[in-house]
Amino acid sequence: DPSSGVIGVIDVRGSSRSYYMGLFGENLGRDDQYVNARGGAYDVFKAQVYSDRMPHNLSFNALSPLNWVGGPLQPAPAGAYPPATNPATWNKFDYGLQRNTLGGNVEVNAKSPFFFRVDYNEVETTGIRPSSGQLGTGSGNGLMEFGLPTDYKTKNTVLEAGYKGRTWNVKLGFLDSKFDSNGSDTAQWGNFFMRSALDTSLQPPDNELKKWSLNFSARELPLDTTLLVRLTQSELTSDVGIMSGGLKPVSNVAPPTGVGYLVTAPNTDTFYGKHETTTATFSLNSTPMKGLGTRLYYEYYDKANDSTHVNYAAGGLGTDAANCPNPGTGIQSSNASRFCITAFNGPEPFEYTKNEFGFDANYSFGNRGKLLGGANFVTVERALEPADETDDWKLWAEYRASFGENLSGRLKYQ
């Protein structure tokens, strides 16, 4: 917060043999205020509540020829392009975002190896962010910059439970993250190369992420081995309405000019996005003898994509639109009296599975150097026609040597 004013700070701490507490705050009453209160009982529980406000001032007194800057509807001023060429008549606004975070957490272990933790926070972002759009229907017209309204909120909930032992630990976690745009999925703005008609820009759609995770580690196994295991399962979903029409030129002169809507008939009114991701990681890190370290590992990654498959039908606009090509002909036959769009079949949702195996080893020769090497194998199966499956092998070796305090070398073969 760059404005002039009083800066307030508070810092209070206290403790006893069983309990402790703390309260800290700075920039009180300002746009970048921060407050954190925490406390608990030693080895029994601990809790925290916090608030963090942070402005991001990107620019002041920016100019735009559009009206109602920063809103979901920004029409162009009246008059032929370029209307109001004198920037002194344009509208002033500030580019900037305000990010406010409010949350808290509680962890309980009751003087035992078991623990349970709850964490919740809300992150709200408001303001005007820079954006741009294409002028007209061709790239030769260039782009126009304008400010898009921003009103986002993300709610995050984390639940964790586990056991902390002397030689092994385990933790089960769950994350639920919901993103809400708090408004329309689109914003409209005046496009000067379309007779100042309203063009449309997409805003981020609402979505939700749910993720389970399991972490396990064990130490002091034979050969001084440590076992690390991590498993995750997540689901990311969203839904957004599909635009059934767009601004296109229409007239009976060559080339077609003006503005009209060309409906291309998508096969669905709503896009439902759904990604399911599964991962598994296993690692064995050992020291079988003095100077020798080894690592045996396996990684699995699978992304399943069950999102809506969207297709568009052919369409036409103009006095001679009836003579546009039939759907599926693959011929775009526009002329002075019609504008045609051919059918478009969207690609299949992309998904893939990856398996990776590997072994690494290193041996130290004391002060004389270190020898490293390993093998790695990766296989990937994709929903992609040009390369539906690939296998990659990699063998490598490396020697590192030190020849004194200021001189060292490395030789690697792969």
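Accessible areas here come from the Shrake-Rupley method with a 1.4 Å probe; for residues, only the protein chains shown count as cover. This is a predicted model, in which local features need pLDDT of at least 70, side-chain atom pairs count only at pLDDT 80 or more, and totals for chains, interfaces and linings use all residues. Residues are numbered from 1 along each chain as its sequence is written, and side-chain values use heavy atoms, with hydrogens and water left out.

**The whole chain**

Next, colour by burial. Of the 414 residues, 32% are buried. Buried means under 20% relative accessible area, exposed over 50%, and partly exposed in between (1.4 Å probe, protein chains only). Now show contacts, meaning heavy atoms within 4.5 Å. Among contacts between residues at least 6 apart in sequence, 58% join residues at least 24 apart.

**Salt bridges**

Side chains of opposite charge can pair when their charged atoms come close. A salt bridge here is a side-chain nitrogen of Lys or Arg within 4 Å of a carboxyl oxygen of Asp or Glu. The whole structure holds 11 of them.

Select K153 and E122. Their closest N and O atoms are 3.8 Å apart in a salt bridge. This pair links distant parts of the chain, 31 residues apart: K153 sits in strand β8 (residues 143–164) and E122 in strand β7 (residues 114–134). K153 is partly exposed at 22%, and E122 is partly exposed at 23%.

Stay on β8 and pick E160. Its salt bridge partner is K171, with the closest N and O atoms 3.8 Å apart. E160 is in strand β8 and K171 in strand β9 (residues 168–180), so the pair ties together parts 11 residues apart in sequence. Which category does E160 fall into, buried or exposed? E160 is buried, because its relative accessible area is 18%. K171, at 29%, counts as partly exposed.

Move to E235 and K274. Their side chains meet in a salt bridge (3.8 Å, N to O). E235 lies in strand β13 (residues 225–241) and K274 in strand β16 (residues 270–289), 39 residues apart. E235 is partly exposed at 28%; K274 is partly exposed at 27%.

Then select E107, R117 and D119, which a network of salt bridges links.

**The loop at P204**

Go to the loop between β11 (197–202) and β12 (207–221), where P204 is found. P204 is partly exposed, because its relative accessibility is 26%. Leaving out residues up to four places away in sequence, P204 touches R129, Y152, F179, S181 and D185. Draw a distance to T186: the C-alpha atoms are 8.4 Å apart, across 18 residues of chain.

**The end of the tour: β23 to β24**

Centre on L384, in the loop between β23 (370–382) and β24. L384 is partly exposed at 39%. From its C-alpha atom to that of P347, 37 residues away along the chain, the separation is 9.6 Å.

Finally, select E381, E385, D388, E389, D391 and D392, a surface patch of negative charge. Patch members have over 30% relative accessible area and no salt bridge; like charges are joined within 9 Å, and nonpolar side chains (Val, Leu, Ile, Met, Phe, Trp, Tyr) within 5 Å. Strand β24 (residues 389–402) gives the largest share, 3 residues. E389 lies in that strand and is partly exposed at 44%.

How values were computed: Lys and Arg count as positive and Asp and Glu as negative; His and the chain ends are not counted. The place of a charge is taken as NZ of Lys, CZ of Arg, CG of Asp or CD of Glu. Helices (H or I, at least four residues) and strands (E, at least two) are DSSP runs, numbered from the N terminus.
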